[in-house]
Amino acid sequence: MAVNAVLPTLVNPAVYLSEEDPELVRAALPFLLKTIESIIDADPEHGDALAFANTGFLLYATAFLQHDAAVAEWEDYELARDLNNRALRMYLRARDFGIRAVELEHPGMSARLVREPSTAVTAFEVNDVEALYYLGGAWMLGISLGLDQPSLVADLPTARALLDRAIELDEDYNRGSLHAAFITLESVGEALGGSYVKAREHFERAVELSEGLDAGPYVAMALGVSVAEENRQEFVDLLETAVAIDIEEEPSNRLLNTLAQQQARLLLRHTDDLFFAPLDEIDQDGSEIDQEIQ
Amino acid sequence: MIKTFRLVFLSVLLISPILLAAQTARLRLGSVLPANSLWDRSLKEMANGWQQATDGRVRLQVRPSSGDEATLLRRMRMNNPQVAALSPLGLQEIDEAFSVFGVPFFFESEAEAVQVLEDLTPRLRAVLAENDLVLLNWGHGGWAHIFSDTSIATLDDLRRAKLFTSAGDDGAVNWYKENGFQPVPLALTDVLMGLNTGLIDAYPSSPYSALVFQWYRQTSHMLDVPLAPLFGATVISQRAWQRISSADQTAILEIAANTQQSVFVEVFEQDAEAVREMQTRGLNVTAVDQSQVSAFRSEAENLTASWRGSMVPADIYDAAVEARNRYRNR
């Protein structure tokens with residue numbers, strides 16, 4: 001009973017997400033997550049604790065582990081690899097808590113989701129959208145880091161069905177968060193069922209719903225579409241727009257905007273590394289290679 | 001109720017560049033392989049090994065999902081990038097000699113195919129050299145199998161199927177037609193659409209690809225007779241290679257060989273796991289007994305003999321047959 005009373009105060013995400021100092025959240029979140037796990041250990045069917053464990057581990061893996069790996073990749077392969085491995089394990093932990101939370105409301109759902117994902121998700125209604133978003137997000141991000149593991153890859157339709165159902169039920173959820181996620185989902189290439197055209201549509205809608213105050217869609221679009229399409233100018237424009245967003249105009253999203261802007265600045269510094277020289281501009285005499293190989 | 005927060009997908013699914021930042025020698029590797037796949041991971045491990053073994057003199061940025069291979073090869077000819085990890089299709093774009101590994105049902109086992117690959121390596125290395133490329137190592141994408149919506153156990157069954165073939169490979173399309181098959185040339189990106197609309201109902205694919213592309217969900221049968229090995233290669237332009245010291249070249253090749261060795265083992269484990277996962281989701285593996293396999297291969301051998309001199313240079317085809325027979329008679 002005491003736990004139930006204190007939990008909403010203890011796990012108020014707004015306190016974390018409005019934080020201007022990411023390092024403070026990085027230091028504070030692990031303690032909170034272990035506390036939540038202790039609560040779940042004592043009460044395995046505590047719905048709010050399970051839901052927060054889903055979102056909290058997902059946040060930590062995305063905002064700190066995978067974000068740090070993206071930074072490290074430019075200089076230190078082994079550090080990046082280890083951070084991505086940790087992120088993968090944490091995404092799966094987040095997914096498993098999310099599944100347990102969903103099972104409380106929809107018994108037997110986890111098995112149905114694997115067997116017949118597109119049919120199973122029709123049981124979810126609009127009040128499930130938040131759970132779908134975080135469960136689908138954790139699952140999808142785990143798969144994206146574990147493409148060398150067929151047992152994970154096999155669940156791709158399940159993760160996709162969860163997010164498809166979420167956006168079908170509540171298209172403007174959380175000021176465009178689902179559309180922002182779909183920019184990435186549609187950027188996987190056509191062979192995998194993605195579409196750069198659709199990614200652009202989701203980007204436009206995400207920007208519209210967030211009134212241009214969320215840096216995330218700009219970064220996702222630049223990395224997912226502009227790089228794939230070798231559109232260097234668009235890449236630069238998108239990231240410069242992300243960097244120019246005034247974080248104080250959306251205080252509730254300070255943390256993730258700060259991190260997205262950090263990533264945008266990093267990517268801008270590495271623009272030359274992310275794009276091949278245009279075919280019609282490459283020096284046929286090989287002066288470029290002569291400069292690089294000394 | 002726990003309040004929501006906004007999730008940012010900070011890293012995208014297929015874009016995860018490694019830059020081992022350059023001070024001196026900097027190379028870039030392009031590939032169509034997806035980030036965080038077995039092959040991408042192996043290439044990044046190899047890049048890290050190169051950097052360590054050469055004390056940072058040779059650094060390699062691995063860039064996955066670098067567009068289509070035809071464009072990649074055009075870029076390579078201009079040294080941007082200088083290194084590429086090519087699929088069988090990419091190698092066939094360079095020279096028809098590499099089509100020898102795509103002859104249907106030509107090899108009976110992995111050991112046999114690998115032995116032929118080793119025996120043919122000097123010839124294939126020369127073919128690459130004629131195209132200003134240096135072979136660093138062989139890649140392996142597993143073995144293609146026939147997936148279909150109804151069970152296929154004989155070549156006649158296969159003739160009744162609407163079979164996906166790669167768009168642009170007119171020689172293969174004509175060969176299939178001349179031998180009573182129903183090839184449907186499509187771009188790789190259109191396979192899922194083709195399966196969904198009934199345009200095709202069978203395709204050759206490695207188990208992993210059938211899983212990751214989700215094609216198997218429209219085709220619940222897999223023939224348990226491997227069609228062909230999917231050998232790729234990592235190559236570097238002559239121009240870049242010549243600018244690397246002999247000692248560093250030796251170190252690079254040794255690490256590349258180690259990478260090849262581990263990929264050739266891991267890809268089998270990956271495909272086996274992919275089959276198990278698909279079986280739990282409804283895939284039926286069509287097993288055929290040894291006498292059926294022998295009949296299958298015998299008929300296929302008669303049909304594919306016409307590849308000699310048409311789709312595969314005669315000397316390469318003959319060398320492959322000789323190496324294969326030598327292995328079988330060892």
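Me: What makes S4(B) and strand S7 (residues 202-205) of chain B a pair, and in which sense do they pair?

Reply: Two strands pair if DSSP finds at least two bridges between them, and S4(B) and S7(B) have 4 bridges, in the antiparallel sense. One position in this pairing is B:Ile146, which stands opposite B:Pro204. This is a predicted model, in which local features need pLDDT of at least 70 and side-chain atom pairs count only at pLDDT 80 or more, while totals for chains, interfaces and linings use all residues. Residues are numbered from 1 along each chain as its sequence is written, chains are lettered from A and ligands numbered from 1 in the order in which they are written, and side-chain values use heavy atoms, with hydrogens and water left out.

Me: Why is strand S4 (residues 133-148) of chain B called largely enclosed?

Reply: Buried means under 20% relative accessible area, with exposed over 50% and partly exposed in between (1.4 Å probe, protein chains only). In S4(B), 16 of the 16 residues are buried, so the strand is largely enclosed by the rest of the structure.

Me: How do you know whether B:Phe105 is buried or exposed?

Reply: The relative accessibility of B:Phe105 is 4%, and B:Phe105 therefore counts as buried. By contrast, A:Arg175 has a relative accessible area of 29% and is partly exposed.

Me: Why is H4(A) described as it is relative to H15(A)?

Reply: The axes of helix H4 (residues 47-72) and helix H15 (residues 254-269) of chain A come within 11 Å and cross at roughly 15°. That makes H4(A) roughly parallel to H15(A), because angles under 35 degrees count as roughly parallel, over 145 as roughly antiparallel, 65 to 115 as roughly perpendicular and the rest as oblique.

Me: What makes up the contact of H4(A) with H15(A), by residue class?

Reply: The contact residues divide into 9 nonpolar, 3 polar and no charged, where Ala, Val, Leu, Ile, Met, Phe, Trp, Tyr, Cys and Pro count as nonpolar, Asp, Glu, Lys and Arg as charged, and the others, Gly among them, as polar.

Terms used: Helix = DSSP H or I, 4+ residues; strand = E, 2+ residues; numbered from the N terminus. Axes fitted to C-alpha atoms, helices over the stretch in contact; angles between N-to-C directions.
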